[in-house]
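Here are my notes on the model you sent over, point by point. Have the structure open while you read.

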Protein chains: 2
Amino acid sequence: MSGGHTSSPSVIPRTLTWHGDATGSLRLLDQTLLPTECREIVCTTVEQVWEAIKKLRVRGAPAIGVAAAYGVVIGTRTTRDADRRAFDQRLQEVTDYLATSRPTAVNLFWALERLQQVAVAMPDALAAQVHDRLLAEARSIEAEDRAMCAAIGRHGAELLPDCCGVLTHCNAGGLATAGDGTALAVIFAAAAQGKSIQVYADETRPLLQGARLTAWELQQRNIPVTVICDSMAGWVMKERRVQAVIVGADRIAANGDTANKIGTYSVALLAKAHGIPFYVAAPSTTFDLSLASGDQIPIEERAADEITHSFGRQTAPTGVGVYNPAFDVTPAEYITALVTERGVIRPVTRERVWEMVGIASESS
Amino acid sequence: MSGGHTSSPSVIPRTLTWHGDATGSLRLLDQTLLPTECREIVCTTVEQVWEAIKKLRVRGAPAIGVAAAYGVVIGTRTTRDADRRAFDQRLQEVTDYLATSRPTAVNLFWALERLQQVAVAMPDALAAQVHDRLLAEARSIEAEDRAMCAAIGRHGAELLPDCCGVLTHCNAGGLATAGDGTALAVIFAAAAQGKSIQVYADETRPLLQGARLTAWELQQRNIPVTVICDSMAGWVMKERRVQAVIVGADRIAANGDTANKIGTYSVALLAKAHGIPFYVAAPSTTFDLSLASGDQIPIEERAADEITHSFGRQTAPTGVGVYNPAFDVTPAEYITALVTERGVIRPVTRERVWEMVGIASESS
């Protein structure tokens, strides 16, 4: 809390923090309670981490990756003093278990795989030694995530003109990462350069991450933000209130097709119809080059009651049919540019994607 | 309650019904309680009718007109046995008062004016005779509304193929009229012809008329309905789940530009992008030929708390900016056809609009 002024990011509660050594605990800002309550939960079991990811207490592909990495540290603690066979078996159990929490978030699998490789690379080490290294690796993932956010902000800020309206969907902010976020990092960086930006935040039904989280984050940073219903996005474009759209991503295929929060596809089509650039900001870890196109990205379907019983009140008739896909896929042709921590991919083609993120993706 | 089977519309609670003679009462289905409670309110004073319109217990331009007409009958009952001067004075008071309930609803003024003309046309009659005629006129307005709905359904049903998915936005059903509705009348008529139709109902933020009312109505009629969030409309089109879109209208300009519930414009653009026909169903009374185009239609902006405090819970940070236009305007170029009680306007051009509704609009 050393920040000098109230708008400093340093006074904003952190999305997640690890406390203690390898037998420590993970603290998460419970995002389901925002914006009316700002409360942390402490996870000391892998089940608590799984539940926090599943129930979106922690969310956003990068933040899920970091949380899952710490979840592995927590889950393997029980075999820290066991023999390696027992430890490795537990590691497998824990990673398999955590992998079931959110099927679309590629960073989840990436982080779990990375921790597994740590153990593989230390075949002769004691369980406790491996366990300490798992924590170090989780910390690295977190640190890299912060650096990634800063780099995305730096590269993306160039894309936003001064005195413009920017529309965003869902929350791709600091709450979705360990750092400043992806899409919002771009806005924060542009604002830090002195650009005047008015953000339009889609409320983002059904779970209202835009109204609850994005609006809250921007307000914390003193960036002007106007909340709209998702159905108003087309109309604010028609009224020339926005000059750019920027969103995050959950998974990006090799051709640039992008899975993101349901509604992103509609916003991309509406932006295209109004001649407004549509940007996606995401780290290279969000790219899944094993998928040739977005058709191969699995779409998580969530429970009906997210729509019929929002926020404690029944708003649709009992027994009505509901369709609740959590994500949609925006074809690359609607994406003006992809902003990564390595640079901007523009135009969005298979070749450019490969040039920018191909090598790291292969080596990871 | 003479319907033979449970799916008959006759068993569905009526939007509004008049009970008794000119000293009778108006029963309204309280739409603010739907879909969890299906309760009628009985209005025996004009203040109760005013309150019901103001608080959206009865809503939808045609239904408001009918309710207001019966409200005049109720309000003038106190002077039924008085002299004509006192009766006429009371009539003026009552119409002035009811006119303040929803100042933007054009059918409200139209109905009130029509009842006033009844009295003007009977200068020598006794108050009780005029009062009886006011009831007869209110009943006529109701009957004409039912006939209008049936005719729209008949004309529109041809447009929907068998075995199709139809997306609708907001509620343009029986709950918005005395009859079967406008957009939903088309779906009901197509279903009555034996066509298999799966409706996708946009929940329609912020007030959820789609989830609360459209889904309820369709369920009552045993028509398969799936509620989606507004942000999912584009994706269900992309997934080829819908082959047509049909919505109602609040006001239609002379060139066919259509004002309807916010979000309609986005749906129209998305339909266009997917090659899906986009239909608007509305009576000829909804056309405002005094407006050359939709640019001249004023857009009502509503309170911020409809967005920030939905569902009985605060869902956006205190003090955040909000933009809440109640309507948007869909340009005629995105509308495949306009379905009226007189027939289908297709293509939607100024000339075709004038041919179909020009004469009556001038005479009304």
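**Notes on the two chains and their contact**

1. Starting with the fold of chain A: its secondary structure comes to 11 helices and 15 strands. With a radius of gyration of 20 Å, close to the 21 Å that the globule rule gives for 364 residues, chain A is as compact as a globular protein of that length. Do keep in mind that this is a predicted model.

2. On overall dimensions, the C-alpha trace of chain A spans about 65 × 50 × 50 Å along its principal axes.

3. Now the contact between the chains. Chain B brings 55 residues to it and chain A brings 54 residues. Together they bury about 4300 Å², and carbon and sulfur atoms give 67% of that area. Which three residues of chain B supply more of its buried area than any other three? They are B:Trp235, B:Phe311 and B:Tyr323, which supply 18% of the area that chain B buries against chain A.

4. Where on chain B does the touching side come from? The elements that give two or more residues to it are helices H7 (209-220), H8 (233-238) and H9 (264-273), along with strands E6 (225-228), E12 (321-322) and E13 (327-330) of chain B. By residue class, the side of chain B that touches chain A divides into 30 nonpolar, 16 polar and 9 charged.

5. Strand pairing also crosses from one chain to the other. Strand E6 of chain A (residues 225-228) pairs with E12(B) in the parallel sense, over 2 bridges. To find the spot on screen, go to A:Val227, which stands opposite B:Val322 in E12(B).

6. Within chain B, have a look at the open sheet of 4 strands, in the order E11-E8-E9-E13, with mixed pairing. Strand E11 (287-288) and E13 of chain B stand at the edges with a single partner strand each, so one side of each has no neighbour in the sheet. Strand E9 (residues 258-261) of chain B runs antiparallel to E13(B), and 4 bridges join the two. Within that pairing, B:Lys261 stands opposite B:Phe327 in E13(B). Strand E13 of chain B is also among the elements listed in point 5 for the side that touches chain A.

Key. Residues are numbered from 1 along each chain as its sequence is written. Chains are lettered from A and ligands numbered from 1 in the order in which they are written. This is a predicted model: local features need pLDDT of at least 70, side-chain atom pairs count only at pLDDT 80 or more; totals for chains, interfaces and linings use all residues. Side-chain values use heavy atoms; hydrogens and water are left out. Contact means heavy atoms within 4.5 Å. Buried area is the accessible area (1.4 Å probe) that two parts lose on being put together, summed over both. Ala, Val, Leu, Ile, Met, Phe, Trp, Tyr, Cys and Pro count as nonpolar, Asp, Glu, Lys and Arg as charged, and the others, Gly among them, as polar. Two strands pair if DSSP finds at least two bridges between them. The radius of gyration is taken over C-alpha atoms; the globule rule is 2.2 Å times the number of residues to the power 0.38.
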